[in-house]
Amino acid sequence: MKQINWTNTIFLIATPIIALTGVPYLIWTGRLHGATWILALGMSMITGLSITAGYHRLFTHRSYEARWLLRLFFLIFGAASFENSAKHWCSDHREHHLHVDQEPDPYNINKGFLWAHMGWVFFKKPSGHVINNIPDLMKDPLIRFQDRYYYPIALLAGFALPAGIASLWGDPWGGLLLAGVARTVFNHHATFLINSFCHFIGRQPYSDQDTSKDSWLMAFLTFGEGFHNFHHAFQADYRNGFRFFHWDPTKWMIWILAKARLAKNLRRIPKEKILLAKLRLKEKREQASRGVKNLIEGIAFNGDKTVFFNHHS
Ligand SMILES: [Zn+2]
Ligand SMILES: [Zn+2]
């Protein structure tokens, strides 16, 4: 029991209960305003993209650079996703990439689907755990500021802001419950699915060195983060779906932000390198299947021989 992180546990259990009872109640009593649905959609996009483009591709992987105003925006609305401060989120995620599928990986899939999905969030870090893999991030005063005031920022931007905006059309409870609480639950599970589903089900076109998988379904739910096999193979790339038709709204938004001069130095892995990785893996699989075929033929041949000798003996 001492290992349980009670703040996280209560929050992760209470928010879905509140969302699943509060929102239907408001709909049932006809009190949920149509504009509140649009607000919830807008909030979910802003907070979701602050995690994918901000916490993930900018801060953790440094796949591009951003002006301070954009970094501040990501930090405010990343906090509104209630997924911890950027300092902790990025440290965990760098640990995940470095030790993927092994013990130090915080969301190690080999400890089970549920553990990788959300189980790990219920527990405190082991005693003696130190954060020493984000020295570059700790130089940024905005990251330090967000970490220090994480709770007030998260509560203000994640709950008070949507309630305040929706009160403009007389629906503060709808703003709080739908665009605040229910939207947070959606954000949580979308992020969690990358750590669980995308290490469990899907294709591995670029690398078979770890459990990461590509999934179009997950890409739709997570602003493009579902191309997780590509991401593990080429984590320095600002794109997760590298082809123009790959559903990756995060990549499109970063590209637009670069055009608006809020982002720059977008890092792309050369196409040849990506295709080479794909071809090598294909070749490896073909060789392996040819090996199995030879083995089967060999066994069949030996089998015939045995029958042949048996027949004459
Ligand atoms: Zn990553
Ligand atoms: Zn992963």
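Is Asp208 buried, partly exposed or exposed, and at what relative accessibility? Asp208 counts as partly exposed, at 29% relative accessibility; here buried means under 20% relative accessible area, exposed over 50%, and partly exposed in between, with a 1.4 Å probe and protein chains only.

Before I continue, a word on the basis of this talk. This is a predicted model, in which local features need pLDDT of at least 70 and side-chain atom pairs count only at pLDDT 80 or more, while totals for chains, interfaces and linings use all residues. Residues are numbered from 1 along each chain as its sequence is written, chains are lettered from A and ligands numbered from 1 in the order in which they are written, and side-chain values use heavy atoms, with hydrogens and water left out.

Let me stay with Asp208. Its side chain meets that of Lys284 in a salt bridge, 2.9 Å from N to O; the term denotes a side-chain nitrogen of Lys or Arg within 4 Å of a carboxyl oxygen of Asp or Glu. This pair links distant parts of the chain, 76 residues apart: Asp208 is in the loop between α9 (172–195) and α10 (216–221), and Lys284 is in helix α13, residues 271–312. Helices (H or I, at least four residues) and strands (E, at least two) are DSSP runs, numbered from the N terminus. Lys284 also counts as partly exposed, at 41% relative accessibility.

By this rule the count comes to ten salt bridges. Another of them joins the side chains of Asp248 and Arg57, at 3.1 Å from N to O. Here 191 residues separate the partners, with Asp248 in the loop between α11 (228–233) and α12 (249–259) and Arg57 in helix α2, residues 34–60. Asp248 is buried, at 0% relative accessibility, and Arg57 is buried as well, at 1%. Glu225 joins these two residues in a network of salt bridges.

A further pair is Arg71 with Asp140, whose side chains meet in a salt bridge of 2.8 Å, N to O. Arg71 belongs to helix α3 (residues 68–79) and Asp140 to the loop between α6 (135–138) and α7 (141–148), 69 residues apart. Both Arg71 and Asp140 are buried.

I turn now to the metal site. Which residues coordinate the zinc ion (ligand 1)? The donors are His56, His61, His93, His97 and His231, each through NE2, at 2.0 to 2.2 Å. Donors are taken as N, O and S atoms within 2.8 Å of the metal (3.2 Å for Na, K and Ca), and since water is not among the atoms, sites may look incomplete. Along the sequence the donor residues are spaced H-x4-H-x31-H-x3-H-x133-H. His61 lies in the loop between α2 and β1 (65–66) and His231 in helix α11, so this pair ties together parts that are 170 residues apart in sequence. His61 is buried, with a relative accessible area of 9%, and His231 is buried at 1%.

Arg62 has a positive phi of about 50° although it is not a glycine. Most residues other than glycine have a negative phi. Arg62 counts as partly exposed, at 33% relative accessibility. Asp101 likewise has a positive phi, near 70°, in a residue other than glycine. Asp101 is found in the loop between α4 (86–98) and α5 (113–117), and is buried, with a relative accessible area of 14%.

Next, helix α9. How many residues does α9 have, and how far does the helix reach? α9 has 24 residues and reaches 34 Å from its first C-alpha to its last, close to the 34 Å expected at 1.5 Å a residue; the expected span is 1.5 Å times one less than the number of residues. α9 bends by about 30° at Arg183, the bend being the angle between axes fitted to the seven residues ending there and the seven starting there. Of its 24 residues, 18 are buried, and the helix is mostly covered.

Finally, the surface. Trp216, Phe220, Phe244, Phe245, Trp247 and Trp252 form a nonpolar patch there, with about 680 Å² of accessible area together. Patches are made of residues with over 30% relative accessible area and no salt bridge, where like charges are joined within 9 Å and nonpolar side chains (Val, Leu, Ile, Met, Phe, Trp, Tyr) within 5 Å. Accessible areas come from the Shrake-Rupley method with a 1.4 Å probe; for residues, only the protein chains shown count as cover. Trp216, found in helix α10, is partly exposed, with a relative accessible area of 41%.
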